[in-house]
Every structure is written in structure tokens, then in C-alpha cells.
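Please look at the model below and follow the questions step by step. Each answer builds up to the value or name that was asked for.

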Amino acid sequence: MKQGIYLLLLCLMFISPGCQQTKEIVNEYQIIPQPNTLVAHEGRFKLTPKVQVITAQSTPEVKAIADAFIERIKQTSGITLTTTEEEHPQGPAIRFMTIDGMEKEAYDLSITPENITITASQPNGFFYAIQTLYQLLPVEVYGDQLKKRAEWSIPAADIADAPRFGYRGMHLDVCRHFSTVEYIYKYIDMLAMHKMNTFHFHLTDDQGWRIEIKKYPKLTEIGAKRKHTLVDYYYVNWPHVFDGKEYGPFYYTHEQIKDIVAYAAERYVNVIPEIEMPGHALAALASYPELGCEPASGYEVTGLWGIFPEIFCPKEETFQFMEGVIDEVIELFPSPYIHVGGDEAPKTAWKNCAHCQGLIRKLGLKDDTTPNPIDGIKHTKEEKLQSYFITRMEKYINGKGRQIIGWDEILEGGLAPNATVMSWRGVEGGMNAAKAGHDAIMTPNQYAYLDYYQEEPSTAPTTIGGHNTLKRTYSYNPVPDDADELIKKHIIGVQGNLWNEYIQTNERRDYQTFPRAIALAETGWTQNQNKNWQSFCERMVNAYERMELRDVHACRNFFEANINTHVDESNELKVVLESFYPNAEIRYTTDGSTPTAKSELYTAPFTWTGDINLQAAAFKDGKILGKVTSKRLYANLISGKPFTVNPRMGWTTGDIFGENDALGADKTTFGLTNGKRGDVASYTPWTSFRVSQNNNELEFTVNLEKPTQISKVVFGTLYNPAYRILPASAAIVQISADGQEFTTVAEESFTREFPERGRKAFTDEVSFNPVEATYVRLKLKSGGTIRNGIDCRKDTPEDIIPSDMYVDEVEIY
């Protein structure tokens, strides 16, 4: 008896395999992008030293893919798989089978407990099949540590997969802020892991020239550095504030470019270089001033962001320069495409340039008198001169056996004959190009600009603006299901863009890019009918573990609770909480205290009363997943109510557009009666109004629907003179019983203390003796005028201009 107890204890101590129960493993298929056909089966294929990898009849390229797989398995599991040229060896095997007739990037995977068969026609397909196998293995396969105790097996399945689009890309701007070669490698790894096949390398801009051109050494001697860099957001200060630190010289040598291209090619990623023309040229003009329209003006590489009037002058020496640059670029990049930019090129210099005007006359270019048939816009002769510039460079590049891509501005003035359009200003440019028979790549800023905010701006790092959440980015469908066949034929892909004005470090690049680039990867690969947001979120849990092992510092909003307000079908303004983490519990408090696993459980949108300090967090199994999010909310008599305004609202209407709202557009509150006040983190929550000198006040009118006692009106306005914004100088409150005849019940002027620099949000209140009203009108007087060129950048000739007014929120008590 004692001997039996002793043996039992010994088994428990050492957890002997003969004494423990085998843990049942649930088959999961955490693959991103989602395969287009996946049939799950019972059982698992176990990796052991007995497994043989069969590459008989395979090309050297396919054998290299197999060898890389074997090496990664050995490095992370300690299991040494063996290779064989035998076609039918004994025992478990992973078989690479090449057949004819499949699409270039397509693959089939048959996984049983006995064997894995990978079938494809091209190495690309085999490579993507291996990416799928990696994602079916334990996440430790992405690390650099030996993890023998992980479950090194693969769930059984049949997968037949091929991409929706042939072009699936990510862009990276290295001009505003530079990325090291090592970071470029990591970036490419992440693209390849998620079956993206294109890296768009933005190499030249106003803020730096980042590629060595041996024929023109000044491009890197002068153009690869700048004397300083802007501090803070562009419109916060005027004059602008700079850091006083030289930036650069930073650029990639020929050898580094070759290494990057080779590294990408091994991962079936094509690298497309972008050489900007005719705009975004300051770094080049600072190096070779004779290429501009005003060589004596003193061009400098700028440390500012934005659009600059200094562009290449279309003279012969400029074209000779561009051809010399292109010659070296083509030698370095085997890509079938060369991106020529073509965006944001003001024509002021050309309008004032005798050479340009002479060339316009010589070419017979004239302003349009009727709209262009492609985009429906009348174009100027200077815009047509840009078309001449791009078309001439396209002819040269075509002569080298390559095609051009340009931003959608290349549509203006006439599209170069063989150009592919990259549609960034919404979707119209791409659609118009496709209808005209040109290929188009969709990268609309409303979905695919990853430098935009992706979480609450008040807690996020400063970036360029906008608000594209992971959910918003995932929702994008580049080709609507009901699109005509010409559009379906010519929209060849999708791309995400990362502009680096406000992204100074590798960690910030990771944060802005991921996980939204992964959402775009699924959009590019997976047929739209096979995409599913909830499924994507479930698979993203595993993707975060992979990113952590790859040292990718992704945005963690996925693990948090997003706070919003929304007017539902009952016409009540309610708090809406959402977490992207699947099946998370959201716990919240309204008194400013930190939520715990025992705090109130969110189950449905809810109303609130008064001023609350809402704190919320996502929990799973009693443990908090991410950081606590917070928002002060203000319930009052007009919360969620529609209203009228005069003058009309401007473009910065933070909560009206779906792309600025993770939970869908709310077209009733327009950001002014949604219970949330604006702050100085971004312009997204504010609503803008252009008040003129002739009509220097804003009228806001709301219907309370029944006689109601009121005694106070609260409103917020913004001070930001660098952006031509001043807060209200005075307020008038009027009431009415019928909405026709209004009586003034209070008015007040404001004396304000402004900061020396930057911006400030003001919350003002106008109190009065209680009165009964059915309609309430708030009149806000303009904050006055702005000294053009002193208080703000001078874009118009006037010395004095009216200020704009930004408002958020309006409350009545």
C-alpha cells in the first residue's frame, strides 16, 4: 500500500507522461488573411524528426522556400525535419507538388494527420502556403527562442486559396523621417507574413532626398539633410517653432538599396520606388537650383510639412536630370513600375515663369472651356503642362521597359497613355481612371491612410489628423459588388499609406501601421463575401501574439473600450461602448474611479444624467486587457437633439462622418449636441464655421419640442490663431414659443487670457433668471479678425482677414 502511494506521488511530482492525461487540443485556424476556401477536419499533423520534406521535381526557388521552412522549425522547436528527393517515402511527409494551370500566387493545402501536401504552380504560391502553415503552428514559430514544449502540430484542413487582387501593398515615407535598413527589413517581413506583395518606397520629397544618385552627388550632399524640423502640429504655432537640430544627412546607398530589393524579392515583395515630379521637389531644387523656375531665389530643404509652390521647371535640363535619375533608379529596382508622384504640385511658379508660358504656347495648350470627359472638371493650361511633363517622362520610362504609377492628380489635364492611377483623394480618381480604361490602385485616405488617428486623439500621440479606426479600415471594399465590369477589370489592388511627418521613431511607425495594415492585407487577399469583422477580431488575438514576438509595437486599442455616444431609434442620446477584443466584458464607472472586474457590466447602450466622468475597460476572465479609457460626458436638455445653424457648417465636423466614428455615423448631432466637449488634442471633435465680416455671428437654433424651463447655456469655442480660429467674443441667448419671434433673455461679452503660443479650448456659460422656452437660439459673435501673415500663414493678399469659429459642445440647462 505504501509503495503504491509512493509511486502515485512520484508521478505527480514529475508529471510523467505515463501518469498524466493527454490535454485535448482544439483545432483553430487563426489565419490572416482569411483563406478563400477552408474546410476544417479532425486530427492534427505532428512535427517530429520522422517527418520528411519532399521537394522532388521542384525548382531551386521552391527548394529554397522549403529549406527556409525547415530552418525556422529547427530554430524554434528543435525539431530537425529531413529532406528527400524520393517521391513516395515511408512515414509522415510534407510534399511540395508543382502543377500547371494555377494562378501565380494561388496554392492548395491538404493537411491530414499523416501528410501535408502543398500544391502550386509558381514559387509565389508555395511561399504563401508556407505563411499559412506558420500561422497554423504555435505562435512561437515567429520568435527567436527555442520552445520545445510548444505543441508543434498543425490542424487538419483542406485549403484552396488565391488572392482577390494582384496588387496588395504598403507605402512608407522615409523623407519626412528616415527609416533604417533594419527597420525596412522588419516592415517587409510584416508585409510578407500577411501575403502583401508590394512595398511602395517613397524616396524623395521636400524634406529630404533619400536615394544615392551617383550622377548627381549633391542630391545627397545637400538634399539628404535639413537644418531643423517642425515642433508640434503644423497649425499650432505661428510663426512655426523648430527644434534647432540638423536632421541628416540620411539616405540609402546603392548597395543598401540592392540589399533591400533582394531581401524583399526573397519574400515575394516587389519594391516600387517613388521619385516625385514635378512637385515635392525642394530637396532636389536645393541641390540643383537651376532645375527650378527661379534659380536665384535660394531653395532650401524644408523642415516644414505641407505643399510648397517650388516645383521642377519643365525645361530641357530638368528632363535630362530626371532621365539621369531614372536611369540609376531602374538599374537598382527591377520593379515593372516606377512611381512618379504627380501630386500636390501648385502651378503658381509656372504661371509666373516666362519659359513655362512660352512652352504652353508652343504646345498649343489652352484652358478647358468644357469639362474633361474623364473627371468632369475644367482644367487650366498649366495643369495640361503637368500632363505634358508626366507624359514625357512616361514615354522615357516606357522606353526602358517599365510602366508608371502616379497619384490621382495625374488625371488633371489629361492622363498619360499607359499610366496606372493611385487613388488617394477618396475613391473617385480610381473609379474615373478605371472607367477610362486605365488600371487603378485604391488607397483612399478615408480608409487607407495609416498616419490618421486610430483611437481617441486626446490620449494618442500627435499625428496628422483624421480618424481611421481598425474597424473603419477593415470595412473598406475597393470594388463594390455592383460595379461594372470595366471597373472590376481595371482596379488591380489596394494599398495602405504611411506618411511620416509626425512619426519620428520606429515604435511610432509600428504603432501607426499595425494592426490596420493587417486589415488591409485581408481586404487585398480575401474575397469581399468571405470577409467578416467578428471573425477577423477573433483571429487578431493570435496576430497580436505574433507581432509581440516580432517586436512590433502595434496600437493596443484592440484591447480597450471605445467610448462613444449615439442617438438611437428612440431619439435618445446614449453611451455606446465597444471593444474589438472578441467576447470581452466591458466594465465601467461614472464617478471617475478606475473600473475593476466587479464594476458595472456594460450590456447595452445607456442614457445618463448630469456631468459624468466615464471610465471604461475591457476584461476577459476577470483580468483587464488594456488600459482604462475615459471621457467626460455632459447630459443636458438638448443632448442628442437636431438643430439648425447659420452659416452652414464647414468641413471639420468631427462626428458627422462615419470615418470619424468607430460605431457609425450619427447624422443628428453633428458633434454639437453629442454630450462630448472638444479639446486641444485634435480638430476632429470640433465643428467649423466661416463667419464673414458682413455677417460676423453664428446662429444656433434648437427645438426643445415643448415649453421647458431653462436658466443657462454652455458652449465651447477654440483659440488657435495659427489656424485662423478665434473664440467667440460675445454670446446672446434668445427664446421663442413658436420659432418665429425671438426675445433676448441674456447677453454677455468675454474677456479672455490667451496663451503666448499654441491653442486653448474655452468653455463659457451664460446664466439668467429661469424662463420658459420651446425654441432656443444662441448667437455667437465672431472673435474678430486675424492679421494675415502675422498671426497665421499668409495664403491670400489681404492684410486683415476674418477669423473662423470652431464650436463644441452646445448645452442648455
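Predicted model: local features only at pLDDT ≥ 70, side-chain atom pairs only at ≥ 80, totals over all residues.

Q: What percentage of the 813 residues in the chain is buried?
A: A residue counts as buried when its relative accessible area is under 20%. By that cut-off, the buried part of the 813 residues is 58%.

Q: Is tyrosine 142 buried or exposed?
A: Tyrosine 142 lies in the loop between α3 (123-136) and β7 (153-161). Leaving aside residues up to four places away in sequence, tyrosine 142 touches Arg72, Gln131, Tyr134, Gln135, Met193, Arg546, Leu549 and Arg550. The relative accessible area of tyrosine 142 is 3%, and because the cut-off is under 20%, tyrosine 142 is buried.

Q: How far apart in space are tyrosine 142 and valine 181, C-alpha to C-alpha?
A: In sequence, tyrosine 142 and valine 181 are 39 residues apart. In space, the separation of tyrosine 142 and valine 181, taken from C-alpha to C-alpha, is 20 Å.

Q: Are α17 and α18 roughly parallel or oblique to each other?
A: Two packed helices are described by the angle between their axes and the distance between the axes. Helix α17 (residues 516-525) and helix α18 (residues 533-549) pack with their axes 11 Å apart, at an angle of about 125 degrees. Angles under 35 degrees count as roughly parallel, over 145 as roughly antiparallel and 65 to 115 as roughly perpendicular, so the rest count as oblique. The relation of α17 and α18 is therefore oblique.

Q: How many nonpolar residues does the contact of α17 with α18 have?
A: The crossing of α17 and α18 is right-handed. The contact is made by Ile518, Ala519 and Glu522 of α17 together with Phe536, Arg539, Met540 and Met547 of α18. By class, this contact has no polar residues and 2 charged ones, while the nonpolar residues number 5.

Q: Is asparagine 445 buried or exposed?
A: Asparagine 445 is in helix α13 (residues 445-448). Its contacts, not counting residues up to four places away in sequence, are Trp424, Arg425, Gly426, Tyr452 and Asn468. With a relative accessible area of 17%, asparagine 445 is buried.

Terms used
Residues numbered from 1 in each chain as written. Heavy atoms only, no water. Helix = DSSP H or I, 4+ residues; strand = E, 2+ residues; numbered from the N terminus. Buried < 20%, exposed > 50% of the residue type's maximum accessible area, 1.4 Å probe, protein only. Contact = heavy atoms within 4.5 Å. Axes fitted to C-alpha atoms, helices over the stretch in contact; angles between N-to-C directions. Left-handed = near helix turned anticlockwise from the far one by under 90°. Nonpolar A, V, L, I, M, F, W, Y, C, P; charged D, E, K, R; others polar.
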